[in-house]
Every structure is written in C-alpha cells, then in structure tokens.
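Me: Please consider the charged side-chain contacts of the structure shown below.

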Amino acid sequence: HAKALGAPVGMLTANGGDGGANGASKSPTTSPTTSQLEWERSTGRLVGDAMHAHHMSTKERTRAYDTQNYTDMAASATLRSSCLALENKINESQALMKRALDEISHIKDEEDALAAIAMLSHQWVVCLHDPISVAEQALSLRQQRPVSQSTRDHAERALVEVVSGCSHSARCLENIVTTSSAAEADKLRMCREALDRDVDAKTQSIKLDVEALQLQA
C-alpha cells in the first residue's frame, strides 16, 4: 500500500519540480509595473530637458562671447578714433593759438609804432608854431607901415604862404594825433583784446583735451 502511494508522490515531486522550473523560467519576462514606466519616462524627459538646456546655454555663451569680442573691438576702435581726434584737435588748436599770438605781437608792434607817430606828429605841430608865429608877426609889422610904403610884394606873398601852409600842416597833424591815430589805436586795442580772449579760450580747451587724452591713454 505504501508502494502504491509512492508513485504518485514521486510524480507529484517531479511535477512540483517541473512547476518550479517553469516558474523560474517565466519570471524574467514579467511586464514592468506602471510606476517603473512612468519613472523611466520622467527620467528621459528630465535628461532631454537637461541636454536641451545645456545646448541652449552653450549657444548663448558662444553668442555672448562673440558679442563681447565685437564690443571690445568696437570699443577699441572707437577709443583709437577718439584719441586720434583729440590729438588732431590739440594740434589744430595749438596752430591757431600760435597764429593768434603772432598776430597779437604784430598788433602790439603796430600800437607802439602808431603811438610813436602820434607823438612825432604832436612834436611837428609844436615845431610849426614858431614859423607860423614869426610869419604872422612879420605880416603884422608890414601892415603897420605907412600907406605910401605898403606894397604887396613877393616877400608878403611868401609870408602869407608860410602862414597858410604851416597852419594847414598843423591842422592835418593835429587831426592825425586827435582823430585818425586815436581811432586806429582803438581798433587795434579791440582786436588785441579779442585775440587775448581767444588765446585764453584755446589754452583752456587744449588743457582739457590733453587731460582727456591722458585719461584714455
């Protein structure tokens, strides 16, 4: 009776072993759970987003680098151009200031010469007073002669010409001293003062341009 039961037990054991073997072979092909698929999809999306962000960051960094290089080149070119413009302006201002200073020197020389002429003209006027006075006295004495001795001879005509000519010359010289020379002196003075102001302005402008150039150098 035990032997009769042994066969089924052994068969069951074999069948159980087969079942175990079949179960072991089927477990790797079991379908993944829903949470595992979502986790893989989420990770894939995150990795994709990270790769896209990294690509865009690299692109923006390259663009920023190119923009910085262009800006640096443009700034350097602008700085060189600005320095060159300042140097040219300084040179032009110095040349103009030199011309103004030369003209001021010429005006001062002319003012001195005009003052000398005015003084000399005044001296000539003073010198003419004596011959005029002598000629007038001579004419006055001749007019005191008796009527029988009064004649309009060559001497009297000469005395009249001396008085007339010297008086005319004296009036011309006085006009030069009081009017023409004074007017010309005023014009020269105004021109010199205008040039002095121009020189002062150019001196200040050159000083500021030199300081700006030193800051940019």
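Me: Which residue forms a salt bridge with E193?
Reply: This is a predicted model, in which local features need pLDDT of at least 70 and side-chain atom pairs count only at pLDDT 80 or more, while totals for chains, interfaces and linings use all residues. Residues are numbered from 1 along each chain as its sequence is written, and side-chain values use heavy atoms, with hydrogens and water left out. A salt bridge is a side-chain nitrogen of Lys or Arg within 4 Å of a carboxyl oxygen of Asp or Glu. The closest N and O atoms are 3.4 Å apart in the salt bridge of E193 with R189.

Me: Which residue is linked with R189 and E193 in a network of salt bridges?
Reply: E193 and R189 both lie in helix α3, 4 residues apart, about one turn of the helix; helices (H or I, at least four residues) are DSSP runs, numbered from the N terminus. The network of salt bridges that links R189 and E193 also includes D186.

Me: Is D209 buried or exposed?
Reply: The side chains of D209 and K89 meet in a salt bridge, at 3.6 Å from N to O. D209 lies in helix α3 (residues 154-216) and K89 in helix α2 (residues 34-143), so this pair ties together parts 120 residues apart in sequence. Buried means under 20% relative accessible area, exposed over 50%, and partly exposed in between (1.4 Å probe, protein chains only). K89 is partly exposed at 38%, whereas D209, at 8%, is buried.

Me: How many salt bridges does the structure hold?
Reply: Among them is that of E111 with R192, with closest N and O atoms 3.1 Å apart. The structure's salt bridges number 8.

How values were computed:
Helix = DSSP H or I, 4+ residues; strand = E, 2+ residues; numbered from the N terminus.
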